[in-house]
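Please read the briefing below alongside the sequence and the three-dimensional structure.

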Amino acid sequence: MIAEKAVEWILAPMDGVTDFPYRNAWMETFQSYSCMHKAVSPFVTLVPGGKVRSSHLRDLFPANNKMEIEPQILGNEEDWFLPMAEALRDLGYASVNWNLGCPVRQVAHKQRGSGLLPYPERIASFLDRVLPASPLALSVKIRLGYRSAREIYPVMEVLNSYPLKYVAIHPRIGVQLYGGQADWDGLESILPLMKHPCVYSGDIDSVGRAECFRRRFPGIREIMLGRGVIADPFLPCRLAGISFSAEDEKLLFRCFVRALLRQYRRAGLPEQTVLQRQKLFWSKFAGTFVPEGAFEQIKRLSSVQEYVRVCGALLGCDLESAIDEIPKT
Ligand SMILES: Cc1cc2nc3c(=O)[nH]c(=O)nc-3n(C[C@H](O)[C@H](O)[C@H](O)COP(=O)(O)O)c2cc1C
């Protein structure tokens, strides 16, 4: 293993996935291993009006969060930025991330997310208007472009001329959505042109992949974990060099599954949403810690009560019991 300890692993923003109940469940289970304690939260959209309703920011309430969070915003409306930034400051945040990467067509067609990348002059005018008045530091998360990876060059020139905290890059283009592979050649060509610290995001889903990345890009010290950690919640621990016995993995996985249920219930979501979220995670889990054929059984369930019964039988535990035994390192 190469110098993985020098890297900070950050939970990537994933709308509808890495929200506060997920983050808290992960922390509850894995925080004693001290391998990932920061996240950029999924985007909140900029909204009109002079005041942001607090219900819009529920995911970001400090009382709801065990992880250290940097909030993320999505939008291109300069006038809507300041009320949002002030609301976030009032919640205690010091910086905010601007989403220039969202590839969803309906978003991009309104020149939001990665749909702004073909318009560097619009990015410049947004930054011109918001930065002088912003009570928060600003970072951005970008792709290499929307239609073409050539779009990044003028965008990088613009970003270089503003005081940003960092630039996070997910090296795909918008129209690719999540297809193909992260473009490390594209990343390599843009790095020498970047003036700000670079945070990386994309396809780090195993220790081997992380090692390849670190070998090629030893200067990048902050790396986001997205789909990789959803599939394998142990990934940040593995990347920190922590290994578990098969028995401990099973035990910890059980703790995590129970924490997920507890946290989504505690968030007061409708029962069907709680169930859908559990199914979503089970559809992604991958590893020897997953009981064979589990998702096939879980995807058919129609109530949380059934889930508690079936999943409990699969894992050999009472899913609702209050006591979890987290193995020590
Ligand atoms: C379901 C889903 C939701 C996402 N939501 C966001 C988001 O809200 N903000 C953002 O900047 N990126 C978002 N992303 C992109 C991820 O943060 C990340 O850059 C991307 O998944 C690549 O990293 P990975 O291969 O580690 O998953 C999302 C990705 C997925 C798959």
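Leaving aside its neighbours within four places in sequence, which residues is Arg112 in contact with? They are Leu74, Gly75, Asn76, Cys102 and Val107, where two residues are in contact if their C-beta atoms, placed from the backbone, lie within 7 Å. This is a predicted model, in which local features need pLDDT of at least 70 and side-chain atom pairs count only at pLDDT 80 or more, while totals for chains, interfaces and linings use all residues. Residues are numbered from 1 along each chain as its sequence is written.

**The chain as a whole**

- The chain contains 13 helices and eight strands; helices (H or I, at least four residues) and strands (E, at least two) are DSSP runs, numbered from the N terminus.
- For 329 residues, a compact globule would have a radius of gyration near 20 Å, and the chain agrees with this because its own value is 20 Å. The radius of gyration is taken over C-alpha atoms, and the globule rule is 2.2 Å times the number of residues to the power 0.38.
- Taken along the principal axes, the box filled by the C-alpha atoms of the chain is roughly 60 × 45 × 30 Å.
- Of the 329 residues in the chain, 41% are buried. A residue is buried if 20 or more other C-beta atoms lie within 10 Å of its own, exposed if 12 or fewer, and partly exposed in between, with C-beta atoms placed from the backbone.

**Around the ligand**

- The ligand is surrounded by 22 residues, of which the closest are Ala12, Pro13, Asp15, Gly226 and Arg227; a residue is near a molecule if its C-beta atom, placed from the backbone, lies within 6 Å of it.
- Strand β2 (38-45) and helix α8 (227-231) each supply at least two residues of this shell.
- The shell around the ligand is made up of nine nonpolar, nine polar and four charged residues. Here Ala, Val, Leu, Ile, Met, Phe, Trp, Tyr, Cys and Pro count as nonpolar, Asp, Glu, Lys and Arg as charged, and the others, Gly among them, as polar.

**Helices α4 and α5**

- Helix α4 (120-130) has Ile123, Phe126, Leu127 and Val130 as its buried residues. Seen down the axis of α4, these buried residues fall within an arc of 95°, so they line one face of the helix; the arc is that of the directions from the helix axis to the C-beta atoms.
- The cover over the buried residues of α4 includes α2 (78-90) and α5.
- In α5, which spans residues 152-160, the residues Ile152, Val155, Met156 and Leu159 are buried. They cover an arc of only 100° around the axis, and therefore sit on the same side of α5.
- Among the elements that cover the buried residues of α5 are α4, β5 (137-145), β6 (167-173) and α6 (184-190).

**Helix α11 and Leu275**

- Helix α11 (residues 271-284) has 14 residues and reaches 21 Å from its first C-alpha to its last, which is close to the 20 Å expected at 1.5 Å a residue; the expected span is 1.5 Å times one less than the number of residues.
- The residues Val274, Leu275, Arg277, Gln278, Phe281 and Trp282 of α11 are buried. Because these buried residues fall within an arc of 160° when seen down the axis of α11, they line one face of the helix.
- Exposed residues Gln272 and Thr273 are carried on the face of α11 turned away from its buried side.
- The buried residues of α11 pack against α8, α10 (246-266), α12 (294-298) and α13 (304-315).
- Leu275 is buried, with 21 other C-beta atoms within 10 Å, and its contacts, leaving aside neighbours within four places in sequence, are Leu301, Ser303, Val304 and Tyr307.

**Residues in loops**

- Arg112 lies in the loop between α3 and α4 and is buried, with 21 other C-beta atoms within 10 Å.
- Gln111, in the loop between α3 (105-108) and α4, is partly exposed, with 17 other C-beta atoms within 10 Å.
- Most residues other than glycine have a negative phi. Gln111, however, has a positive phi near 55°, and Ser34, which is not a glycine, has a positive phi of about 45°.
- Ser34 lies in the loop between α1 (20-30) and β2 and is exposed, with 12 other C-beta atoms within 10 Å.
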